[in-house]
Amino acid sequence: MSKVIVLDKRPVGTPTLSDFKFKNEDLVDLKDGDLQIKSEYVSVDPYLRGRMSDAKSYVPPFELGKPITSGIVAKVVASKNKDFQEGDYISGILDWKEEQIISSEKIKEIRKVDANQAPLSAYLGILGMTGLTAYLGLTEIGKPKEGETLLVSGAAGAVGSVVGQIGKILGLRVVGIAGSDEKINLLKSEFGYDEGINYNTIKDMKAAIKEACPNGVDIYFDNVGGEISDAVLFSINKFARMIICGAISVYNETSIPKGVSVQPFLIKNSALMQGFIVSNFQDKFPEAGQQLGQWLAENKLTYKETIVDGFDNIPQAFLDLFEGKNKGKMIVKI
């Protein structure tokens, strides 16, 4: 018997706990090539909100009554597959279940992870999709040049905190936007940011960006969208690159938000604005993962995690993302 979390209702606006439902299910017997795994760490991420709506996106929406999926690190508790042994750890996009069976057909969707190389939770963050998103978004779209100014929104979050560190390694001046003085201090003391802007205490975001980025913005790594990103447009330099990774500020809107028209800014500055998902660069995952692992081993990268205990607390941990309660990666330890 395994506990499962399914999507019970499609959220209207901000999700609530009533949108989720807990169920119990029996585990089937293992067939040749199958694995039985036990969840150890579960990633909760803002992009999951988009999949809860019945709308066209880059991945199909979650089905009502079916388990929600996200990045999970799990332990193999039984194996009928020659490539995996009991006690191995694996990572992949898996169901929100305490235990589950991985069929031989789906084995290719998971990978082994090494608990001796890094803590298991790191494979959901800095050595997983979070780190890959930060590295590949910045290097492939941002194309940074030493001495340029990088501005990051959602800078204390999972992706933002890594983007800033990579920017410093690559010789950029790095400015971060976050929502509390505590987070701004964290950016500067732990993640190497040169300057920070607290959007909750600033009255004029345009002026604050101009002050923090006196030489203008060459690269903007956008995790939030909305009014903050509108204000950035007034400080972009010629040939600026704007990397659109997320838009958490508008995910729960029930109508189309109004904002500044970007076209004049892009034309005037010959600037690039490009949205992306990390799988666009899947062929570069191995080299990116190797580089991140090397920097981590050399203590050039650090990471912050907000770890919540207990399978039953997965939905609440997800909801807490929209109130900014996480510093770095939000993870649930089972």
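**Note on the predicted model: salt bridges, sheet and cores**

1. K3 and D312 form a salt bridge, their closest N and O atoms lying 3.1 Å apart; a salt bridge here is a side-chain nitrogen of Lys or Arg within 4 Å of a carboxyl oxygen of Asp or Glu. The pair links distant parts of the chain, 309 residues apart: K3 belongs to strand 1 (residues 2–7), and D312 to the loop between strand 14 (305–309) and helix 9 (314–320). Helices (H or I, at least four residues) and strands (E, at least two) are DSSP runs, numbered from the N terminus. K3 is partly exposed, with a relative accessible area of 24%, and D312 is also classed as partly exposed, at 44%. The classes are buried, under 20% relative accessible area, exposed, over 50%, and partly exposed in between (1.4 Å probe, protein chains only).

2. On the basis of the note: this is a predicted model, in which local features need pLDDT of at least 70 and side-chain atom pairs count only at pLDDT 80 or more, while totals for chains, interfaces and linings use all residues. Residues are numbered from 1 along each chain as its sequence is written, and side-chain values use heavy atoms, with hydrogens and water left out.

3. The structure holds 15 salt bridges. In another of them, K329 is joined to D45, with the closest N and O atoms 2.4 Å apart. K329 lies in strand 15 (residues 329–333) and D45 in the loop between strand 3 (35–43) and helix 1 (48–51), so this bridge ties together parts 284 residues apart in sequence. Both partners are classed as buried, K329 at 5% relative accessibility and D45 at 12%.

4. E190 and K304 form a further salt bridge, with a closest N and O separation of 3.6 Å. E190 is in the loop between helix 4 and strand 10, and K304 in the loop between helix 8 and strand 14, so the pair connects parts 114 residues apart in sequence. E190 is partly exposed, at 36% relative accessible area, as is K304, at 28%. Elsewhere, a network of salt bridges links E25, D95 and K97.

5. An open sheet is formed by six strands in the order 10-9-8-11-12-13, with parallel pairing; two strands pair if DSSP finds at least two bridges between them. Strand 10 (195–198) and strand 13 (272–275) stand at the edges with a single partner strand each, so one side of each has no neighbour in the sheet. On average, neighbouring strands of this sheet are turned by 15 degrees against each other, direction ignored. For such angles, axes are lines fitted to C-alpha atoms, for helices over the stretch in contact, and values run from 0 to 180 degrees between N-to-C directions.

6. Within the sheet, strand 11 pairs with strand 12 (residues 236–244) in the parallel sense over five bridges, and Y220 stands opposite M242 of strand 12. Helix 3 packs on the sheet and touches strand 8, strand 9 and strand 11; its direction makes about 170 degrees with that of strand 8. Contact means heavy atoms within 4.5 Å. Strand 8 and strand 9 are likewise paired in the parallel sense, over five bridges, with I177 of strand 9 as the bridge partner of S153. Strand 9 is mostly covered, five of its six residues being buried.

7. The largest nonpolar core has 45 residues, and those with the most contacts inside it are L136, L150, V163, I166, L187 and F221. A nonpolar core is a set of buried Ala, Val, Leu, Ile, Met, Phe, Trp, Tyr and Cys residues joined through side-chain atoms within 4.5 Å. Elements giving two or more residues to this core include helix 2 (129–142), strand 8 (149–153), helix 3 (158–169), strand 9 (173–178) and strand 11 (217–222). Helix 2 gives the most, with six residues. Apart from this core lies another, of 29 residues, among them L7, I37, A74 and I102.

8. The structure holds zero disulfides, a disulfide being a pair of cysteine sulfur atoms within 2.5 Å. The sulfur of C213 is 19 Å from the closest cysteine sulfur, that of C245, which is too far for a bond. C213 is buried, with a relative accessible area of 3%, whereas C245 is partly exposed, at 23%.
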